Amino acid sequence: MTARRLFAIAALGLLLATSFGAGLLPKFSYSAQHREFTDAAPSLRFPLGTDELGRDRMARLLSATRVSLVFAAAASLGALILAALIGGVAGYCGGWCDRALVHGIDLMLSLPWLFLLLAVRALLPLNAAPLTSLLATYALLALLGWASPARVVRAGVRSLRDSEFVLQARAEGVTELRILLRHVLPNLRPILLAQFWTSIPLFILTEANLGFLGLSAGEPFPTWGSLLRELQDPLLVRPEAFAPVAAIALSVVCFKLLSPRGGYQV
Amino acid sequence: MRPLLSAFVSVDYPGRPGVLQGVDLEIAPGEILGLVGESGSGKSTLALALLRLLPFRGGTTRGELRLRERDLLALSERQMRAVRGREIGLVLQSPISALNPAMRIGRQIVESWQAHRDHSPDLPGTLEMVSLPTEPSFLDRYPSQLSVGQAQRVLIAMAILHRPALLIADEPTSALDAVTQAEILKLFARLNRQLGMAVLYISHDLLSVASLCHRIAILQQGQIVETNTSEEIFQRPQHAYTQALLRAIPRVPEFLPV
């Protein structure tokens with residue numbers, strides 16, 4: 001394990017541990033409004049100050065960290081399952097089925113992503129419950145993010161299907177189901193893991209973009225993206241308001257460091 | 001004597017018709033038939049066609065294919081699966097890539113038995129027959145931890161596990177060094193003698209099959225140009241291509257003591 005990977009694991013572990021630890025303390029409430037301290041500067045009580053409603057920015061950031069990391073991973077898992085199913089069927093079946101699915105994947109990849117996200121997300125009523133809007137946002141990410149991993153999975157399944165050891169297994173009279181479960185799937189694991197790790201930072205960034213435009217989880221629920229909205233205020237030049245940006249950048253860098261690159265080992 | 005396997009097959013790939021054009025082949029029970037031809041002459045295609053594995057590679061097989069008078073081309077895929085591995089075994093060319101890299105070899109051997117379960121497996125006996133260790137520490141290895149020669153022996157063990165009547169070996173020694181090559185050739189001769197197994201031995205190297213095979217068939221551009229006993233092929237080659245193959249055999253330079 002390289003120093004870079006150790007750093008990434010330590011930093012992500014710290015982010016997760018502090019955000020989940022803070023969730024256990026009643027003091028750190030993301031929605032409690034301290035009306036007597038609106039727009040306060042950083043202090044011992046509020047290390048990152050408070051927002052215009054007097055809510056503790058530190059508490060909101062930690063809460064957002066929890067939500068963004070967990071839901072980005074969940075969305076990545078969802079996208080991966082879709083990618084494995086669609087890419088797997090395309091690669092394994094081949095023929096017209098493969099051609100149709102590849103055209104579908106190409107279509108997904110050629111859609112104007114951000115526009116589509118905005119359009120679909122904007123269909124949701126603005127007064128939707130915060131939790132509904134949160135789930136909808138990440139479900140949307142998973143539903144739109146499967147195409148590029150599916151393409152990789154398809155290529156992997158295809159080369160495994162045509163591999164010598166699958167041919168050998170067929171020559172021994174092994175059934176197609178066993179070939180799929182014991183020969184194709186286990187050798188696909190490194191590919192699936194790589195796609196899982198690379199999708200997480202992508203989803204974190206996409207959610208941040210949506211949140212900045214006000215299309216992520218509804219108030220009062222904080223996510224990294226929704227915290228960025230505060231930066232739209234031109235008067236807000238305080239450095240502490242950029243803490244969510246730092247958290248996003250740090251986590252994305254860590255995930256990039258963690259995602260396996262090139263020559264995997266079986 | 002009634003032939004064990006008789007074939008008269010033509011094979012097309014999409015966009016590449018006539019890869020095999022009416023290849024006529026008969027293998028008697030217990031016989032070792034050598035199939036020799038240069039790269040691209042259709043040797044591996046023929047090996048796959050005999051097991052009806054070509055559809056998985058996009059090819060189509062026409063003609064006649066009979067195993068003990070049973071029409072293999074008329075069998076359903078399910079019935080054909082019962083033939084593969086149990087009545088006809090196959091050993092592929094590159095031993096390391098023919099083994100699943102994510103599976104312990106012991107597990108792979110067991111899987112090859114479980115594909116048919118028609119008798120209790122004589123696993124230690126089979127491993128001994130191919131001169132492989134039988135201890136668990138060996139069977140727990142992954143293919144990447146084997147030498148090429150060991151991997152080839154594992155493949156052979158898997159192919160003879162069900163004591164098939166015919167063993168097809170597709171260039172089984174081309175990835176091996178000269179010493180291991182000689183050992184594997186001897187192993188095939190022994191399997192043939194001990195188990196009475198017929199062998200279709202495919203090679204690009206006329207010299208290596210000379211000592212092993214009873215008869216030799218010469219394949220050129222998808223057609224069999226000559227079939228004869230090994231002695232006849234070497235002493236009285238009929239076809240121009242056979243003569244060219246014989247001339248291409250490297251000679252020991254005269255300055256070397258033999």
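## Notebook: chains A and B

I began with helix α6(A), whose buried residues are A147(A), P149(A), A150(A), R151(A), V153(A), R154(A), G156(A), V157(A) and L160(A). I am working from a predicted model. Next I asked what this buried set packs against. It meets α2 (57-93), α3 (95-110), α7 (164-171) and α8 (176-212) of chain A. I also checked the length of α6(A). The helix covers residues 147-161, 15 residues in total, and reaches 21 Å from its first C-alpha to its last. That is close to the 21 Å expected at 1.5 Å a residue.

**Chain A overall**

I stepped back to the whole chain. Chain A has ten helices and zero strands. From the N terminus the elements read α-α-α-α-α-α-α-α-α-α. The C-alpha trace spans about 80 × 45 × 30 Å along its principal axes. Of the 266 residues in chain A, 38% are buried. I then looked at contacts with a separation of 6 or more. In chain A, 67% of these join residues 24 or more positions apart.

Is L114(A) buried or exposed? It counts as exposed, because it has 12 C-beta neighbours inside 10 Å, and 12 or fewer is the cut-off for that class.

I turned to chain B and traced its sheet. Six strands form an open sheet in the order β6-β7-β8-β3-β9-β10, with mixed pairing. Which strands stand at the edges? They are β6 (88-91) and β10 (223-229) of chain B. Each has a single partner strand, so one side of each is left without a neighbour in the sheet. The twist averages 15° from one strand to the next.

β6(B) pairs with β7(B) in the parallel sense, over four bridges. Within that pairing, G89(B) has L167(B) in β7(B) as its bridge partner. I then read off the side-chain directions in β6(B). I88(B) and L90(B) point one way, while G89(B) and V91(B) point the other way. All four residues are buried. In a regular strand, side chains alternate between the two faces of the sheet.

Strand β9 (residues 215-220) of chain B runs antiparallel to β10(B), and six bridges join them. A217(B) stands opposite T227(B) in β10(B).

Which helix packs on the sheet and touches β3 (32-36), β6, β7, β8 (198-203) and β9 of chain B? It is α1(B), and its direction makes about 150° with that of β7(B). Helix α10 (residues 240-247) of chain B lies across β3, β9 and β10 of chain B. It runs at about 105° to β9(B).

**Loop residues in chain B**

R52(B) is in the loop between α1 (43-50) and β4 (60-67) of chain B. Why does R52(B) count as buried? It has 20 other C-beta atoms within 10 Å, and 20 or more is the cut-off. Not counting residues up to four places away in sequence, R52(B) touches T61(B), L72(B) and M80(B). I also noted L65(B), which is 13 residues from R52(B) in sequence and 9.4 Å from it in space, C-alpha to C-alpha.

S131(B) has phi near 55°, a positive value in a residue other than glycine. It is found in the loop between α4 (123-129) and α5 (136-139) of chain B. With 15 other C-beta atoms within 10 Å, S131(B) is partly exposed.

R163(B) also has positive phi, near 50°, and is not glycine. It lies in the loop between α6 (148-160) and β7 (166-170) of chain B. R163(B) is partly exposed, with 17 other C-beta atoms within 10 Å.

**Where the chains meet**

Definitions and conventions. Residues numbered from 1 in each chain as written. Chains lettered and ligands numbered in written order. Predicted model: local features only at pLDDT ≥ 70, side-chain atom pairs only at ≥ 80, totals over all residues. Helix = DSSP H or I, 4+ residues; strand = E, 2+ residues; numbered from the N terminus. Contact = placed C-beta atoms within 7 Å. Expected span 1.5 Å × (residues − 1). Pairing = 2+ DSSP bridges. Axes fitted to C-alpha atoms, helices over the stretch in contact; angles between N-to-C directions.
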